Structure formats: C-alpha cells, structure tokens
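Subject: Structure for you to look over

Hi,

Here is the structure I promised to hand over. My notes follow below it.

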Amino acid sequence: MRIAVFAGDGIGPEVTEQAVRVLEKLDLPGLELVEGDVGGAAYYKHGHPLPAETLDVARSAQAILFGAVGDFSCDHLERHLRPEQAILGLRKELGLFANLRPAQVFAGLEDLTTLRPEVASKIDLLIVRELNGDVYFGEKGMRRLEDGRRQGWDMMSYAEDEVRRIAQVGFKAAMGRSKKLCSVDKANVLETSQLWRDVVIEVAKEYPEVELTHMYVDNAAMQLVKNPGQFDVIVTGNLFGDILSDQASMCVGSIGLLASASLAEGTYGLYEPIHGSAPDIAGKGLANPMATILSAAMLLRHSLGLEAAAARIEAAVAKTLADGIKGGDLGGTAGTREIGDAVLERL
Ligand code: IPM
Ligand code: MG
C-alpha cells in the first residue's frame with residue numbers, strides 16, 4: 001500500500017503533515033508513504049512544477065494525497081512553469097478525469113454560511129466535474145490580429161466519449177444517493193454544451209431510475225444561492241465545475257472542511273482539500289488541516305478499500321468539531337498542530 005504525498009505550496013505542507021500523522025497513527029499494515037515535490041516548491045528545487053521524478057513516484061503509488069499548489073512569486077513565469085501546472089499535469093498524465101466534490105453542512109456549523117442558515121442547512125450535494133478536457137486542455141495561444149491588436153484564445157471542446165465517461169460517473173453517483181442528477185451546461189450558446197447535453201441524454205437510457213434534469217450554468221449559479229437544497233448530484237464540464245464547486249463550498253461556509261477526490265478508471269485517485277494554498281496564512285500554523293485529513297479518509301475508502309479506517313478518521317474529525325475544537329476559518333482559535341493533536345487523540 002504505497003501512497004504518494006505531494007504537499008506543494010503555501011499551507012500545503014502544514015496541513016499535509018497533520019494528515020500524515022493521522023495515517024501513521026492508524027498503523028495500517030504495509031502502508032508506505034513516499035514524498036514528491038510539486039508546484040512552486042518543485043519549480044524552485046527542480047526548475048519544473050511537475051518534475052519527472054514526481055510523476056514516477058505518482059505512478060509507483062496506488063493513490064496520491066495532495067496538499068495545494070499556487071505561489072504568487074511564480075506569476076511572472078511562462079504558463080507551463082507555473083505551480084498550477086502540477087495539478088493540471090497530474091490530472092492529464094494519470095487520467096484523473098472525474099472530480100468528486102461533496103458539499104454539505106456539518107452539524108453545529110450552520111452559522112458559518114453566508115447564506116441564511118435555514119437555506120444553507122439543506123445543502124447536501126455532490127459536484128461531479130470532468131477534469132481532463134474542455135477549454136482547460138484545448139489549444140490556446142496569444143496572437144496578433146491583422147490590425148495589430150493582441151488576441152488571447154482558448155479552444156473549448158468535448159468529444160463524445162469524454163462526456164460519456166463522466167456522465168456514467170454522475171449517474172452511478174446518483175444511483176448511490178437520491179437518484180437525482182442535474183447536468184449543467186450552456187447549450188443555449190455553445191456547441192460543446194449541445195453535444196454534452198445530447199450525450200448525457202443518451203447515457204440516461206442506461207439509468208431509467210435516475211431523474212435527469214438539465215440546467216444552464218448561469219441559472220445553476222443562481223439556484224445554488226437561491227435554493228441549494230434542490231440539488232443532489234450535479235454533473236458538469238471542467239470550467240463550469242471549477243466555478244460552481246467553489247461557489248458550493250462557500251455556500252456551506254466551511255471550505256476548510258471540504259475534501260475532494262480526482263479519480264481515474266479503476267481505483268487510482270488523487271485526494272486533496274478543496275481550499276488552495278492560502279499564501280496569506282502560510283507558515284503560521286493557523287491553517288485548518290481537517291479538509292486534508294478528510295481527504296486522507298476518502299483516499300483510504302476509494303483507493304485502498306479501507307472503509308473502517310476511513311470511517312474512524314471521519315468520526316474523529318466529527319468528534320473534534322463536536323468538542324468545540326475549531327480552526328480560525330470556523331470561528332475558533334485552534335491552530336494547525338492543535339487540531340492535528342485533537343484528531344489523533346480521538347482516533
Ligand atoms: C481547482 C483549482 C485548479 C483548477 C487550479 C489550481 C488549476 O482551481 O482544483 O479547482 O482550476 O482546476
Ligand atoms: Mg478551482
């Protein structure tokens with residue numbers, strides 16, 4: 001059982017350290033953790049945000065526990081050398097095409113949302129975001145128009161097999177929850193979205209029990225703040241999913257608690273907190289490691305089939321919260337290490 005640990009930038013190393021302590025405490029037979037450099041940290045050490053050594057480590061493992069990437073000091077670099085390329089490269093190179101981002105309100109934390117608590121308390125949704133295609137990975141460039149004006153351009157496209165496999169993930173997730181799937185697109189304007197919608201409707205025939213709806217992305221953004229309780233599973237493309245998943249996480253108000261999984265075909269996956277590298281609080285011991293600890297639980301469940309160990313971690317985090325030990329992001333005062341200690345004690 002080999003897990004690659006890529007801590008990355010900003011608060012990544014601090015929060016990952018606590019998740020590693022939790023994994024080690026479980027004393028799982030045969031568990032081996034191997035580290036690798038990613039992001040700005042890797043750029044400064046190896047000249048590249050995703051060095052070949054790191055990819056080798058990833059390939060030799062069964063799953064990746066990922067911290068965060070992003071470093072303002074790299075903003076001037078050419079795009080292919082920026083920290084974000086580490087996560088984009090891992091997604092592409094390892095075929096991590098399905099991003100699962102659950103968002104729910106944790107009991108006792110209803111007051112943290114910026115929505116009215118009675119609206120937010122109904123949130124229990126899962127965003128299934130496609131991660132390998134769309135405008136993220138299309139051709140792109142900067143060019144001069146004939147009249148001399150500069151133009152930036154990015155090509156958006158989806159091939160039908162790419163839509164089909166993420167739709168399958170969406171329908172399967174819906175089958176395991178309340179059998180409601182909302183596909184989000186912009187089919188009133190984009191051909192990419194028209195194909196998306198057509199293919200999702202085709203796949204729906206294999207899942208007669210699932211109630212499928214379609215929503216334009218602008219409306220989905222509005223409905224997420226108006227009546228988020230209406231959603232169960234949302235399936236959408238890479239760009240729309242990027243935006244809507246940040247929005248959904250803020251609707252529940254506790255981004256420091258939200259974990260995510262990026263899955264390939266089979267059991268391989270990368271697990272990371274939804275929050276970013278938070279450079280403003282990096283290195284101060286203030287970051288809440290709970291989302292990373294919960295990501296480690298997701299890893300044990302999905303990639304290693306260790307349900308009991310995953311549940312143990314989740315219960316320990318829930319107990320820590322119930323005992324009032326909260327990070328600054330949740331209105332509490334506990335620091336990174338203190339939260340790690342508290343979870344370990346309750347494990
Ligand atoms: C995310 C992030 C990434 C994305 C960035 C860091 C490239 O925002 O995982 O949502 O846009 O996918
Ligand atoms: Mg994002």
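A polar side-chain atom of D242 sits 2.9 Å from an oxygen atom of ligand 1. Keep in mind that this is a predicted model.

The ligand site first. Taken alone, ligand 1 exposes 320 Å², and the protein buries 74% of that. For R91, a polar side-chain atom is 2.7 Å from a ligand oxygen. For R129, the corresponding distance to an oxygen atom of ligand 1 is 2.8 Å.

Which residues surround ligand 1? They are E84, R91, R101, R129, Y136 and D242. By class, this shell around ligand 1 holds five charged residues, one nonpolar and no polar.

Now the helix packing. Two packed helices are described by the angle between their axes and the distance between the axes. I have two pairs to report.

Take α6 and α7. Helix α6 covers residues 160-175, and helix α7 covers residues 191-204. Their axes come within 9 Å and cross at roughly 50 degrees. That angle falls between the 35 degrees limit for roughly parallel and the 65 degrees where roughly perpendicular begins, so α6 is oblique to α7. The crossing of α6 and α7 is right-handed.

Then α1 and α12. Helix α1 spans residues 12-25, and helix α12 spans residues 336-346. The two axes come within 10 Å, with a crossing angle of roughly 15 degrees. Angles under 35 degrees count as roughly parallel, so α1 and α12 are roughly parallel to each other. The crossing of α1 past α12 is right-handed.

Best wishes

Definitions and conventions
Residues numbered from 1 in each chain as written. Chains lettered and ligands numbered in written order. Predicted model: local features only at pLDDT ≥ 70, side-chain atom pairs only at ≥ 80, totals over all residues. Heavy atoms only, no water. Near = heavy atom within 4 Å. Polar contact = N/O pair within 3.5 Å; in protein donor to acceptor, adjacent residues only side chain to side chain. Areas by Shrake-Rupley, 256 points an atom, 1.4 Å probe, with all protein chains shown as cover. Nonpolar A, V, L, I, M, F, W, Y, C, P; charged D, E, K, R; others polar. Axes fitted to C-alpha atoms, helices over the stretch in contact; angles between N-to-C directions. Helix = DSSP H or I, 4+ residues; strand = E, 2+ residues; numbered from the N terminus. Parallel < 35°, antiparallel > 145°, perpendicular 65-115°, else oblique. Left-handed = near helix turned anticlockwise from the far one by under 90°.
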